[in-house]
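Visitor: I am new to this structure and would like to learn how to read it. Could you show it to me and take my questions one by one?

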Amino acid sequence: MKAIRALWLLLGFACFGLGALGAVLPVLPTVPFLLAASFFFAKGSKRFHRWLCGTKLYQDHLEHFARTHEMTAQAKALLLGGVTLLLAIPFCLVDWLWVRGAILLAVCIKYWYLLCRVKTAGRAEEEAE
């Protein structure tokens, strides 16, 4: 059981590190890695999950989403654009059809989820009027 918790923590720190890099590198997305880090820390250790939730990086990029389950249109556009750009690189470099199909499937799921399942901040007020 300790090995599984250690794996969750290792994955959590790896995702947190990538999310931190994404905060300074415009090509690397921040939010998906912080979401993954939050998931892995929640599975591995309550203490590390509380630590993550207390970091400025989490509060700046993920706290609003975690609380309200909505994102601004600008945040969605940046996330979709950044991840699509990152997935375009292996898509162009790999010749295996099944890998390209998996990448296209991942892109389609990402767009569907963010556009159809995540509320856009501010849109609920507009629809209520």
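Visitor: By class, how many nonpolar, polar and charged residues has the lining of the second largest pocket?

Guide: The lining of the second largest pocket has ten nonpolar, no polar and one charged residues. Here Ala, Val, Leu, Ile, Met, Phe, Trp, Tyr, Cys and Pro count as nonpolar, Asp, Glu, Lys and Arg as charged, and the others, Gly among them, as polar. Please keep in mind that this is a predicted model, in which local features need pLDDT of at least 70 and side-chain atom pairs count only at pLDDT 80 or more, while totals for chains, interfaces and linings use all residues. Residues are numbered from 1 along each chain as its sequence is written, and side-chain values use heavy atoms, with hydrogens and water left out.

Visitor: How is a pocket found, and what is the volume of the second largest pocket?

Guide: The general idea is that rolling a probe the size of a water molecule over the atoms shows where empty space is left. On a 1 Å grid over the protein atoms alone, a pocket is an open set of points where a 1.4 Å probe fits, with protein on both sides within 12 Å along at least five of seven lines; lining residues have an atom within 4 Å of a point. Grid points are joined across faces, edges and corners, and a volume is the space filled by probe spheres set on the points. For the second largest pocket, that volume is about 190 Å³. Its lining includes Val31, Phe65, Met71, Lys110 and Tyr113. The elements that give two or more residues to this lining are α2, α6 and α7.

Visitor: And what is the volume of the largest pocket, and which residues are closest to its centre?

Guide: The largest pocket has a volume of about 400 Å³. It is lined by 21 residues, and Val31, His61, Ala75, Leu78 and Leu79 are the closest to its centre. By class, the lining has 13 nonpolar, six polar and two charged residues. The largest share, four residues, comes from α6. At least two residues each come from α1, α4, α5 (63–68), β1 and α6.

Visitor: How many helices and strands has the chain?

Guide: The chain has eight helices and two strands. These are DSSP runs numbered from the N terminus: helices are H or I with at least four residues, strands are E with at least two. The order from the N terminus on is α-α-α-α-α-β-α-α-β-α.

Visitor: Is Leu78 buried or exposed?

Guide: Buried means under 20% relative accessible area, exposed over 50%, and partly exposed in between, with a 1.4 Å probe and protein chains only. Leu78, found in helix α6, counts as exposed at 60% relative accessibility. The C-alpha atoms of Leu78 and Val31 are 10.0 Å apart, although 47 residues separate them along the chain. The buried residues of α6 are Lys76, Leu79, Leu80, Gly82 and Val83. Across the chain of 129 residues, 29% count as buried.

Visitor: What does α7 reach from its first C-alpha to its last, and which of its residues are buried?

Guide: To judge a helix, compare its reach with an expected span, which is 1.5 Å times one less than its number of residues. Helix α7 (residues 97–117) has 21 residues and reaches 29 Å, close to the 30 Å expected. Its buried residues are Val99, Ile103, Val107, Lys110 and Leu114. Seen down the axis of α7, they fall within an arc of 80°, so they line one face of the helix; the arc is that of the directions from the helix axis to the C-beta atoms. On the other side of α7, exposed residues include Leu97, Trp98 and Arg117. The buried residues of α7 pack against β1 (70–71) and α6 (73–93), where contact means heavy atoms within 4.5 Å.

Visitor: Where is His69 found, and what is its phi near?

Guide: Most residues other than glycine have a negative phi. His69 has a positive one, near 60°. His69 is found in the loop between α5 and β1, and is partly exposed, with a relative accessible area of 49%.
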